[in-house]
Amino acid sequence: MADDRFHVYDTTLRDGAQQEGLNLTVADKLAIARHLDGIGVGFIEGGWPGANPKDTEFFRRAQTELDLKHAQLAAFGATRRAGVKAADDPLVAALRESGAPVVTLVAKSHDRHVELALRTTLQENLAMIRDTVSHLRAEGQRVFLDAEHFFDGYKSNPAYALEVILAAAEAGADVIALCDTNGGMLPDELADVVHAAAGTSARIGIHCHDDTGCAVANTLAAVKAGATHVQGCANGYGERSGNANLFTVVANLQLKRGFDLVPPSALADMTRIAHAITEVTNVTPNSHAPYVGMSAFAHKAGLHASAIKVDPNLYQHIDPALVGNDMRMLVSDMAGRASVELKGRELGYELTPETTKELVDRVKDLESRGYTFEAADASFELLLRDTVHGERRRHFEVESWRVIVERTKGGELVSEATVKLHAKGERIVATGEGNGPVNALDRAVRLALEKLYPELAKVELVDFKVRILEGTHGTDAITRVLVTSSDETSEWDTVGVAENIIEASWQALEQAVTYGLLKAGRDA
Ligand SMILES: [Zn+2]
């Protein structure tokens, strides 16, 4: 179990799962819990057993299927209903029977919410808190309290909001997490309220939503004001604008404030884990996410590149390796010699000044014609190799290709492609069918080459993006195609540009296959 002095409490599986479009199965939740444990969080809130059958099942399966190394599971639920005993309330029983060592009770701390939503008296609300907390404590569970709408409640009736904290703490709740439930707070005013709450004898936690874009800042302000328990969600998931991004909170506290929250090796796995969780949630990763985003340490602009070459730390706020990320150089038409040299080094080539100059000229020329190398590392590497070798080396030479698109009598569209190429002294003709012309071309070229290069069976096209670029200086519009391919271990991107979309796609496909063969160790 993690150090108890400061809590990192994850609520992805409960509050994060409220995100629009996010729909987690029990198996998904178990998979995410394993990832969160891998990153070293102290508590994982699994859901609301008793209120939601899927969550009841999660806690049941967790007992046999989860082997947590760092984290403890927390079951979320409400205080007992008005007018009954906690021991007799079936929803409280579900929390008791969840098998979770921790129960987090949500309670009202805003006087108006007690009267309007709960429709009971302020005194009865306090009794509900005391009774439920002490009952669960007596039955052997640790209890935390989420004080809902605390900040608005404090504005409305500060004395009552503080009374809620004291009632829970005196009944045995270990942490009172102050919730900015509607997410409207700003750091300075939030810190004042946390400070007042921390002046009581209770241990204070913080739970922030990002409606003002301040969830992480508010969490840090609360810690400064005395909170020793932070709640948040993986990748900032949550309803509306999301919850505080727990990864950003942890990285900030650990790397900027010297807190010892998770093992450094786990922090160094954060980028991988953040992405692994997006695979489960099926939410496209935010490439601009702090610390873990693909672009978090990506640099453009030639002006900076020459200084980055001398000292990368001048241009980044931390060493990206601390969170498992990498510095990336983006090769673009703004880039000069230094960034091309740096990119070459990143790919394992020491370039001579002559080669660098030639490569910069070629990049500039191609980018002026619509190519982009920022998003097509593999195409850049092929260009670099061609420049280094002084010739275009390929595993195969294309004689011709052809695509037919047919609309059948039944209205179905079928594409058929034929490629003729030369490889290892053979002339090969192959035909492939597909649901579209690019798919058909892709199949045909693999079919042609797979006998000679069986490793191509593992390579697949995973993404295909088309963009029409406006014509300039009186020329026609042109089409740019970016293709993402993958084998079992990595992904790579290639680019093609032409007036004709099929030709642009073909260029990107041909490079994708070539790069795949180079990666598999096949020299051209
Ligand atoms: Zn919340």
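Okay, ground rules before anything else. What you see is a predicted model, where local features need pLDDT of at least 70 and side-chain atom pairs count only at pLDDT 80 or more, while totals for chains, interfaces and linings use all residues. Residues are numbered from 1 along each chain as its sequence is written, and side-chain values use heavy atoms, with hydrogens and water left out.

So, the big picture. The chain has 18 helices and 16 strands; those are DSSP runs numbered from the N terminus, H or I of at least four residues for helices and E of at least two for strands. The C-alpha trace spans about 85 × 60 × 45 Å along its principal axes. Of the 524 residues, 52% count as buried, and here buried is under 20% relative accessible area, exposed is over 50%, and partly exposed is in between, with a 1.4 Å probe and protein chains only. Take the contacts with a separation of 6 or more: residues 24 or more positions apart account for 66% of them. Contact, by the way, is heavy atoms within 4.5 Å.

Now the domains. There's domain 1 at 7-281, domain 2 at 298-387 and domain 3 at 396-520, with bounds from an automatic or database domain assignment. Let me stay with domains 2 and 3. Their centres, taken over C-alpha atoms, are 26 Å apart, and twelve residues of domain 2 are in contact with 15 residues of domain 3. About 1,100 Å² is buried between the two, with carbon and sulfur atoms giving 65% of that; this is the accessible area (1.4 Å probe) that two parts lose on being put together, summed over both. On the domain 2 side, Tyr 371, Ala 378 and Leu 382 supply 42% of the area buried against domain 3, more than any other three residues.

Next, the metal. The protein donors of the zinc ion are Asp 15 (OD), His 207 (NE2) and His 209 (NE2), at 2.0 to 2.1 Å. Donors here are N, O and S atoms within 2.8 Å of the metal (3.2 Å for Na, K and Ca), and water is not among the atoms, so sites may look incomplete. Asp 15 sits in the loop between strand E1 and helix H1, and His 209, 194 residues away, in the loop between strand E7 and helix H9. Asp 15 and His 209 are both buried.

Strand E5, residues 142-148, holds Asp 146, which is buried at 2% relative accessible area. Its side chain makes a 3.2 Å polar contact with the side chain of Gln 231.

His 149 and Asn 282: buried or exposed? His 149, a non-glycine with a positive phi of about 50°, is buried at 14%. Asn 282, also not a glycine, has a positive phi of about 60° and is exposed at 70%.

Definitions and conventions:
Polar contact = N/O pair within 3.5 Å; in protein donor to acceptor, adjacent residues only side chain to side chain.
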